[in-house]
Amino acid sequence: MHLKSGCAWEFCPRLTLKHLIEVFYAEYGLEMKAGFESEFYILKYDPENKLKWIGLDTTPFCSSTSFDAASSILFEISEALNAMGIRVEQLHAEAGGGQFEIAVQYGPCLKAADDVLILRETVKAVVQRQGLLATFLPKLFPNDVGSGSHVHVSIWEGEKNVFMGDTDASSQYGMSQIGQEFMAGVLHHLPSILALTAPLPNSYERIKPQTWSGAYYCWGRENREAPLRTSCPPGTYHDSVSNFEFKSIDGCANPHLSLAAILAAGMDGLRRHLQLPVPIDVDPSSLTDGSVQLLPTSLDQSVKALEQNEVLKEYLGLPLVKCIIGVRQSEIEYYKENKNTFASLAGSY
């Protein structure tokens with residue numbers, strides 16, 4: 001975004017991410033890659049329903065019936081994305097009635113952020129042409145599952161994934177030292193990062209215990225209740241991980257700002273050689289000793305954490321962080337005064 005030709009706007013999210021990518025490479029010779037998994041609902045109009053919209057169907061997770069009901073739409077979305085150079089790796093019915101997920105190929109984080117914005121616009125446009133509505137809103141139905149936009153993150157040096165540990169016993173948790181320190185930085189700053197990755201009051205209706213949304217302040221190995229989950233997909237060595245999944249993010253978040261915050265936090269971890277605590281490999285809500293705390297449970301709490309975070313202010317730029325805080329605070333006040341407005345957000349997000 002430019003104010004005029006040749007003069008970039010200082011608040012441009014894409015420019016912020018691009019700048020941090022350059023800093024990361026200049027200081028460490030490294031590149032962050034990312035891949036998004038986008039969840040969304042396809043809704044049909046129902047004038048008798050309080051929300052006026054209901055899920056396209058009511059079948060369960062990975063149901064072939066659900067996929068068949070929307071197959072023509074899903075194939076059109078997939079073909080459109082592939083035509084624009086966005087490779088769809090997986091598309092399936094999710095747990096909500098009328099909910100689906102699209103996972104696209106990972107790549108350099110700037111392209112990953114660009115791709116997920118194009119994906120959202122494509123999904124909404126294709127679905128709208130059928131007289132239906134697609135929404136990425138985190139929590140539309142109080143009694144159905146929410147929608148996230150989980151992102152998988154890895155660190156590369158040239159063509160080598162340096163997040164992944166060696167096959168010998170020296171690699172703790174299956175990660176390299178670089179991977180551990182980077183992820184430790186993200187974990188350290190996680191409460192503040194939520195102000196960017198969970199940007200609406202509605203976002204915190206999704207981030208609840210026992211919903212695989214990452215409600216607790218911890219990390220885990222293949223633990224879907226942890227907000228940061230190390231992942232070992234097929235093709236990697238035994239006990240070695242290739243990336244970590246950031247779960248506490250939704251489709252209302254600006255992907256460029258979100259990845260910029262994750263990258264900034266990771267660089268701080270490398271700069272200060274931060275270390276990961278012991279992983280939590282069980283459902284954190286089952287621990288009754290108070291060893292694991294909840295992450296911010298409201299936008300107000302995450303914004304306050306961001307206000308006190310000098311590291312993110314340094315990396316993202318103080319003017320931009322002030323702007324983000326101002327926008328978030330205005331939304332907090334608006335939704336306090338208009339408690340039922342979230343229902344109308346389905347058409348916006």
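Salt bridges first. There are 13 salt bridges in this predicted model, counting a side-chain nitrogen of Lys or Arg within 4 Å of a carboxyl oxygen of Asp or Glu. Side chains of opposite charge can pair when their charged atoms come close.

Two ground rules. The model is predicted, so local features need pLDDT of at least 70, side-chain atom pairs count only at pLDDT 80 or more, and totals for chains, interfaces and linings use all residues. Residues are numbered from 1 along each chain as its sequence is written, and side-chain values use heavy atoms, with hydrogens and water left out.

Take aspartate 115 and lysine 111. Their side chains form a salt bridge at 2.7 Å, N to O. Both sit in helix H4, residues 109-128, and being 4 residues apart they are separated by about one helical turn. Helices here are DSSP runs of H or I with at least four residues, strands are runs of E with at least two, and numbering starts at the N terminus. Aspartate 115 is buried, at 9% relative accessible area. Lysine 111 is partly exposed, at 39%. The cut-offs: buried is under 20% relative accessible area, exposed is over 50%, partly exposed is in between, with a 1.4 Å probe and protein chains only.

Next, helix H8, residues 255-272. Aspartate 268 and arginine 271 are 3 residues apart there, about one helical turn. Their closest N and O atoms are 3.0 Å apart, in a salt bridge. Aspartate 268 is buried at 0%, while arginine 271 is partly exposed at 37%.

Now glutamate 245 and lysine 247. This salt bridge has 3.6 Å, N to O. Glutamate 245 is buried at 1% relative accessibility. Lysine 247 is buried too, with a relative accessible area of 1%. Both belong to a salt-bridge network that links Glu222, Arg229, Glu245 and Lys247.

On to the rings. How many aromatic pairs does the structure hold? It holds 13. The rule: rings of Phe, Tyr and Trp (its six-membered ring) pair if their centres lie within 6.5 Å; planes under 30 degrees apart are stacked, over 60 edge-to-face, the rest tilted. Tyrosine 41 and phenylalanine 141 have ring centres 5.5 Å apart and planes at 80°, so they are edge-to-face. Tyrosine 41 is in strand S3, phenylalanine 141 in the loop between strands S8 and S9, 100 residues apart. Both are buried.

Phenylalanine 182 and phenylalanine 244 are a tilted pair, because their planes are at 50°, with centres 6.5 Å apart. Phenylalanine 182 is in helix H5 and phenylalanine 244 in strand S13, so the pair ties together parts 62 residues apart in sequence. Each of the two is buried.

Charges over rings come next. The charged end of lysine 33 sits over the ring of tryptophan 156, 4.2 Å from its centre. Arginine 224 lies over the face of tryptophan 212, 5.5 Å from the ring centre. The test is NZ of Lys or CZ of Arg within 6 Å of the ring centre and within 35 degrees of the ring normal.

Last, the whole chain. The secondary structure comes to 11 helices and 13 strands. Helix H6, residues 190-197, is mostly covered, with 8 of its 8 residues buried. Across the protein, buried residues make up 55% of the 349 residues. The C-alpha atoms fill a box of roughly 60 × 50 × 45 Å along the principal axes.
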